[in-house]
Amino acid sequence: MPRPTEIRLQQNSRQLVLGFDNDTSCTLSCEYLRVYSPSAEVRGHGPGQETLQVGKEQVNITAVEPVGNYGVKLVFDDGHDSGIYGWDYLYELGQKKEANWADYLQRLADAGHQRAE
């Protein structure tokens, strides 16, 4: 699995830019990273236990903290700071961004929520 060579937080645009050692890169919004947090608070402890995250359009990352050699902890300005984003997971989020985002928007719609853009 590719490993990051660059992690750059752009707070003004609320995005995290990632470059990987296989010459791929991606830009992930703070909202996307927040709603796909690997934490138990978001993912639950098993299939079907996920908690739909709503109202995260304006969320920002206040800190990117390294965790060993395998990932980072992202600290969000809404107080969320649990969940370790491993390198594999960040790469996967970048590769599946369009499909994941479409799925998230569909889950919001199914739950009767509308994003405030």
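Q: Which residues do the ring pairs link into a cluster?
A: In this predicted model, ring pairs join Tyr-32, Tyr-36, Trp-101 and Tyr-104 into a cluster.

Q: And how many aromatic pairs are there in the whole structure?
A: A search of the whole structure gives five aromatic pairs. One of them is formed by Tyr-32 and Tyr-36, whose rings are 5.3 Å apart centre to centre, with 55° between the planes, and this pair is tilted.

Q: Why is that one called tilted?
A: Planes under 30 degrees apart would count as stacked and planes over 60 as edge-to-face, so the 55° between the planes of Tyr-32 and Tyr-36 makes the pair tilted.

Q: Is Tyr-32 buried or exposed? And what about Tyr-36, buried or exposed?
A: Tyr-32 is buried, with a relative accessible area of 2%, and Tyr-36 is buried as well, with a relative accessible area of 11%.

Q: What about Tyr-85 and Tyr-89, what sort of pair do they form?
A: Tyr-85 and Tyr-89 form a tilted aromatic pair, with 6.2 Å centre to centre and 40° between the planes, and both Tyr-85 and Tyr-89 are buried.

Q: Switching to strands: in what order do the three strands of the open sheet come?
A: The order is 4-5-6, and the pairing is antiparallel. Strand 4 (61–67) and strand 6 (84–86) are the edge strands, each pairing on one side only, and neighbouring strands of this sheet are turned by 30° against each other on average, direction ignored.

Q: How many bridges join strand 4 to strand 5?
A: Strand 4 and strand 5 (residues 71–76) run antiparallel and are joined by six bridges; as for individual partners, Ala-63 has Val-75 in strand 5 as its bridge partner.

Q: Which helix lies across strand 5 and strand 6?
A: That is helix 3 (residues 87–95), which runs at about 75° to strand 6.

Q: Last topic, the backbone: what is the phi of Arg-14, and where does Arg-14 lie?
A: Arg-14 is not a glycine, yet has a positive phi of about 55°. Most residues other than glycine have a negative phi. Arg-14 lies in the loop between strand 1 (4–10) and strand 2 (15–20), and is partly exposed, with a relative accessible area of 26%.

Q: And Asp-23, where is that, and is Asp-23 buried or exposed?
A: Asp-23 is in the loop between strand 2 and strand 3 (25–29), and counts as exposed at 77% relative accessibility. Asp-23 has a positive phi of about 65°, although Asp-23 is not a glycine.

Definitions and conventions: Residues are numbered from 1 along each chain as its sequence is written. This is a predicted model: local features need pLDDT of at least 70, side-chain atom pairs count only at pLDDT 80 or more; totals for chains, interfaces and linings use all residues. Side-chain values use heavy atoms; hydrogens and water are left out. Rings of Phe, Tyr and Trp (its six-membered ring) pair if their centres lie within 6.5 Å; planes under 30 degrees apart count as stacked, over 60 as edge-to-face and the rest as tilted. Buried means under 20% relative accessible area, exposed over 50%, partly exposed in between (1.4 Å probe, protein chains only). Two strands pair if DSSP finds at least two bridges between them. Helices (H or I, at least four residues) and strands (E, at least two) are DSSP runs, numbered from the N terminus. Axes are lines fitted to C-alpha atoms, for helices over the stretch in contact, and angles run from 0 to 180 degrees between N-to-C directions. Contact means heavy atoms within 4.5 Å.
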